Amino acid sequence: MMPPPRFAAWMVSLFAPPEQAESILGDLEEEFLLLGPRSGLASARRWYWRQSVRTSAHLLRSGFRDAPWSTALAVLGGFFLLRLAHWLPGQLLNAVTDRYLMYWSNHFHAYLWVLKALIPTYLLGTFLTGCCVALVTKKREMIATMAMALVLLAMIFVGSLSAMIMTGDANYLRSLFWASSDPLAIVMGGMLVGRLRSKNTPLPAA
Amino acid sequence: MADGDYLGEFEHIVMLALLRLAERAYGVTVRQEIELRTGREASIGAVYATLDRLEKKGYVKSRRGDPTPERGGRAKRFFRVTAKGAAAVNRTHRAFESMVEGLDLIRSYS
């Protein structure tokens, strides 16, 4: 018999609290193995995916309902940290560029360097912010980082849309694609911390 | 939640499933019992979220079973209803009966 979909199991393990992850994944695998010979592998896989998505949504909702204030506080703190994480690298890079400007062949190269260096440092700062939010929200890493990512995404969307309406420049809407890398980096930070914390929960064998 | 409170709809269903299953009550059997008797597909996440809430209220207790190979070496978590939980089921049931008493639901709303 084939093992259940690994990615679906991984998704459940991200959202499940450590004390529940073992029994939930065990229950899903047990039913999957019962369903396989009865209804076929494709149907069993579909069932497993459906259950995993609904289970993750339930765990996300109940996790937020159980601790709404601490989650909201972590998200708020995350936004302050994010502001710092975006402000500090720019200041540092500007200071370095200004100090060594005289050694550059021309100023254009210096500013190009700043621009190139800023994008990865911004993303790294966002990713680390996601890690910090996940670290302070023990057992609710994905709930807090998903909440923060959704709020940020909504802010970016509203900002881009209103800028486009006011200026009539469609480029603002196109920039949404790049801007959504920030919420993604926050969720990835949450995933990393969550996975490291629940590394004792084995996933189905490949 | 105070001692005199009633169970929510899904909480009530989960508690009744636990009472029916007795010693055999764990995630898979509870989910299957609900599906079999109510005809609605419950997600394992909804069952666990409810069981977790009921355990916090002191209505159910859980214990860890032995790991089994058909579960990828993972242990089962068995649940049982406590005396406080059984009292909550009775209280909720009595409230329902009292509300339904004297109503002819089939004739009034069909």
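Helices here are DSSP runs of H or I with at least four residues, strands are runs of E with at least two, and both are numbered from the N terminus. This is a predicted model, in which local features need pLDDT of at least 70, side-chain atom pairs count only at pLDDT 80 or more, and totals for chains, interfaces and linings use all residues. Residues are numbered from 1 along each chain as its sequence is written, while chains are lettered from A and ligands numbered from 1 in the order in which they are written.

**View 1. Chain A has 9 helices and 0 strands.** Follow chain A from its N terminus and the elements run α-α-α-α-α-α-α-α-α. Of its 206 residues, 32% count as buried; buried means that 20 or more other C-beta atoms, placed from the backbone, lie within 10 Å of the residue's own, against 12 or fewer for exposed and a count in between for partly exposed. The average pLDDT (the predictor's confidence in each residue, from 0 to 100) is 84 for chain A, and 89% of the residues score at least 70. In chain A, helix 3 (residues 41-66) has the highest confidence, at a mean of 91, and helix 8 (residues 176-179) the lowest, at 76.

View 2. Domain 1 of chain A brings 8 residues to the contact and domain 2 of chain A brings 12, where contact means C-beta atoms, placed from the backbone, within 7 Å. On the domain 1 side, helix 1 (6-15) and helix 3 of chain A are the elements that give two or more residues, and helix 3 gives the most, with 4.

**View 3. Chain B meets chain A through 16 of its own residues, in contact with 21 residues of chain A.** Helix 2 (27-38), helix 3 (44-57) and strand 2 (74-81) of chain B each give two or more residues to this side of chain B. Helix 3 of chain B has the largest share, 6 residues.

**View 4. The largest nonpolar core has 57 residues.** Such a core is a set of buried Ala, Val, Leu, Ile, Met, Phe, Trp, Tyr and Cys residues joined through C-beta atoms within 7 Å. V14(B) and L18(B) have the most contacts inside this core, while helix 6 (residues 141-167) of chain A gives the most residues to the core, with 8. The core lies between domain 1 and domain 2 of chain A because both give residues to it. In soluble globular proteins, nonpolar side chains tend to be buried together.

**View 5. Helix 1 of chain B (residues 9-21) reaches 19 Å from its first C-alpha to its last.** That is close to the 18 Å expected for its 13 residues at 1.5 Å a residue, the expected span being 1.5 Å times one less than the number of residues. Look along this helix for its buried residues, E11(B), I13(B), V14(B), M15(B), A17(B) and L18(B). Their cover includes helix 2, helix 3, strand 1 (60-68), strand 2 and helix 4 (83-100) of chain B. Leaving aside residues up to four places away in sequence, V14(B) touches V30(B), V47(B), T50(B), L51(B) and L54(B). After the helix comes A22(B), with a positive phi near 50 degrees.

Conventions:
Contact = placed C-beta atoms within 7 Å. Domains from an automatic or database assignment.
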